[in-house]
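Hi,

Here's the structure I promised to pass along.

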Amino acid sequence: MSLHELLLTRHSIRRYTEQPLNPEDVKTILEAGLLAPSSKNARCWQFVVVEDPDALARLSEFKPQYQASVKGCRMAVVVVVDPEKSEAYIEDATAAAILMHLQAADLGIGSCWVQVRGRFAADGESSEDVVRDLLDIPHNMVVECVMTFGYPDEKRRPVDPSKLLWEKVHLGTWRHEAEDGQL
């Protein structure tokens with residue numbers, strides 16, 4: 001499958017089967033994150049892999065609306081970054097997370113980005129603090145997101161390219177009035 005075909009068929013998946021992930025696929029997904037570009041090659045990201053069902057259930061408490069997704073996945077990867085190692089730490093974490101997301105899709109594995117930084121648990125506690133405390137992550141590290149992985153238990157249609165928002169593309173300079181939506 002070409003990268004473009006992958007982008008048209010890839011979706012965030014929030015419901016997973018109980019089928020375990022192949023260890024080689026897990027390694028390939030993590031390798032994709034480790035291959036991510038980073039500002040000045042700082043590689044300020046680190047990943048905490050959670051596969052134990054009880055730990056996933058506890059982890060799911062960090063963000064109520066995604067509780068079933070985190071609790072039901074086969075693996076979660078917590079993307080953590082050191083803001084002291086790069087001024088572009090958020091971008092670096094994002095690059096690593098999206099490469100894992102795309103690699104999973106290429107392997108037929110579903111995934112979903114669940115934002116942590118700046119979010120809150122049901123009791124109002126910072127989602128970062130909930131995840132940090134549960135996984136013993138040092139306080140100087142920023143918890144960017146939790147990536148959930150598993151075999152999809154939902155079907156999604158490919159994106160219809162005719163519905164892309166071409167009016168959001170500006171050539172040369174900002175276009176102040178929407179034109180016909182085509183380039």
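The largest pocket has a volume of about 300 Å³. A pocket here is an open set of points on a 1 Å grid over the protein atoms alone, where a 1.4 Å probe fits, with protein on both sides within 12 Å along at least five of seven lines; lining residues have an atom within 4 Å of a point. Points are joined across faces, edges and corners, and the volume is the space filled by probe spheres set on them. Its lining has 16 residues, with Thr9, Arg10, His11, Ile13 and Pro152 nearest the centre.

Bear in mind that this is a predicted model: local features need pLDDT of at least 70, side-chain atom pairs count only at pLDDT 80 or more, and totals for chains, interfaces and linings use all residues. Numbering runs from 1 along each chain as its sequence is written, and side-chain values use heavy atoms, leaving out hydrogens and water.

On to salt bridges (a side-chain nitrogen of Lys or Arg within 4 Å of a carboxyl oxygen of Asp or Glu): there are four. Arginine 117 pairs with glutamate 144 at 2.6 Å, N to O. Glutamate 144 is buried at 1% relative accessibility, while arginine 117 is partly exposed at 27%. (Buried is under 20% relative accessible area, exposed over 50%, partly exposed in between, with a 1.4 Å probe and protein chains only.) Glutamate 87 and lysine 40 also pair, at 3.7 Å, and both are exposed. Glu128, Asp129 and Arg132 form a salt-bridge network.

No disulfides (cysteine sulfurs within 2.5 Å) turned up. Cysteine 73's sulfur is 9.9 Å from its closest cysteine sulfur, in cysteine 112, so that is too far for a bond.

Cheers
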